[in-house]
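This report describes how the two chains of a predicted model are arranged and how they meet. The sequence and structure come before the details.

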2 protein chains.
Amino acid sequence: MRTEFRLSGSGGQGLLLAGIVLAEAAILDDKNAVQTQSYGPEARGGSSKAEVVISELDIDYPKATDPDYLLALTADAYRTYGKLQDKGLIIVDSSVALDPAITARTTSVPILETTAKIGKMIVTNIVALGVLGGLSGIVKPETLEKAVLNRVPKGTEELNLKALRAGFELAAQSQKNGEHHT
Amino acid sequence: MRTEFRLSGSGGQGLLLAGIVLAEAAILDDKNAVQTQSYGPEARGGSSKAEVVISELDIDYPKATDPDYLLALTADAYRTYGKLQDKGLIIVDSSVALDPAITARTTSVPILETTAKIGKMIVTNIVALGVLGGLSGIVKPETLEKAVLNRVPKGTEELNLKALRAGFELAAQSQKNGEHHT
């Protein structure tokens with residue numbers, strides 16, 4: 001099965017690294033993965049988009065054409081990419097007001113607020129990664145932990161594991177509440 | 001014009017970062033860029049491949065289909081991807097023996113040897129980036145420097161600039177010698 005992720009937000013949020021770690025975790029779990037970062041006019045505007053495609057089979061086309069999971073951390077990203085979703089799940093930060101014109105299944109998750117409580121906004125991407133990993137179930141939690149540890153700077157391991165687990169917890173709450181608006 | 005780069009070598013050589021920096025430099029020079037990292041069975045074998053496509057126009061297909069520049073830092077990478085080249089330039093590390101069955105235009109460049117002289121093998125990717133930037137002329141040297149500084153860890157700026165400039169120098173020597181075997 002092919003599963004597509006689109007991670008969107010602002011340039012400083014480190015979503016490229018989140019995409020890389022997700023792809024590398026899939027490999028550790030013996031799947032195939034392609035990670036893509038597209039730059040263009042929108043990148044110059046300060047926005048950011050990374051994509052990951054994961055499959056048990058070979059991946060012919062490396063871009064997400066119809067994402068199963070859209071992460072949107074800013075209102076701009078939500079409006080731009082939310083409109084393109086007709087299926088899949090939109091995971092939008094709870095700081096963003098929902099738009100009734102965007103009709104795909106949506107869950108609003110306090111990613112930025114949780115990161116602020118951790119106290120280091122630099123781990124926003126890792127909290128988000130935990131949410132994506134938890135909601136999709138595409139890789140084992142312990143594999144995602146290992147992949148995070150492979151990529152983060154020395155001395156930041158504890159902080160990043162804390163961020164990842166906070167993301168797992170947000171995913172579990174989202175699923176428990178069943179708060180997937182349609 | 002669409003220009004395609006394929007960066008291949010072993011897993012520890014940091015070619016993904018080189019691809020990211022090349023793509024980001026292209027953006028700073030007002031071009032469009034897509035950077036792709038594919039993982040699969042070959043990634044589990046310890047090899048690594050990153051691709052960058054740069055264009056003034058929109059980029060429809062994000063993968064390199066017929067690379068203009070193939071960087072190969074290991075014999076495995078050279079054999080695997082060199083065979084696929086029918087046009088373009090192969091930039092192979094001078095530690096790798098040339099294979100007469102690989103007929104595309106080829107320049108042999110002492111990237112690993114130069115990196116060893118600098119004394120930190122971790123900057124192999126930045127030396128290679130300087131070679132690619134210099135030979136392709138796709139971005140301004142000062143833009144590539146800026147893009148490198150945007151991405152490398154604090155405290156390593158001087159080391160990385162030295163590595164990049166060593167790469168520029170290798171590119172200039174390669175062009176001067178005209179040592180492009182066919």
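## Relation of the two copies

The model is predicted: local features need pLDDT of at least 70, side-chain atom pairs count only at pLDDT 80 or more, and totals for chains, interfaces and linings use all residues. Residues are numbered from 1 along each chain as its sequence is written, chains are lettered from A and ligands numbered from 1 in the order in which they are written, and side-chain values use heavy atoms, with hydrogens and water left out.

## Strand pairing across the interface

Strand 2 of chain A and strand 2 (residues 32–39) of chain B pair in the antiparallel sense over seven bridges. Strands (E, at least two residues) and helices (H or I, at least four) are DSSP runs, numbered from the N terminus, and two strands pair if DSSP finds at least two bridges between them. T36(A) has T36(B) as its bridge partner in strand 2 of chain B.

The contact (heavy atoms within 4.5 Å) takes 23 residues from chain A and 23 residues from chain B. Of the interface residues of chain A, 100% are also interface residues in chain B, so the copies meet through the same surface. Between them the chains bury about 1,800 Å², 55% of it on carbon and sulfur atoms; buried area is the accessible area (1.4 Å probe) that two parts lose on being put together, summed over both.

On the side of chain A that touches chain B, helix 1 (15–28), strand 2 (32–39) and helix 2 (41–44) of chain A each supply at least two residues. Strand 2 of chain A gives the most, with eight residues.
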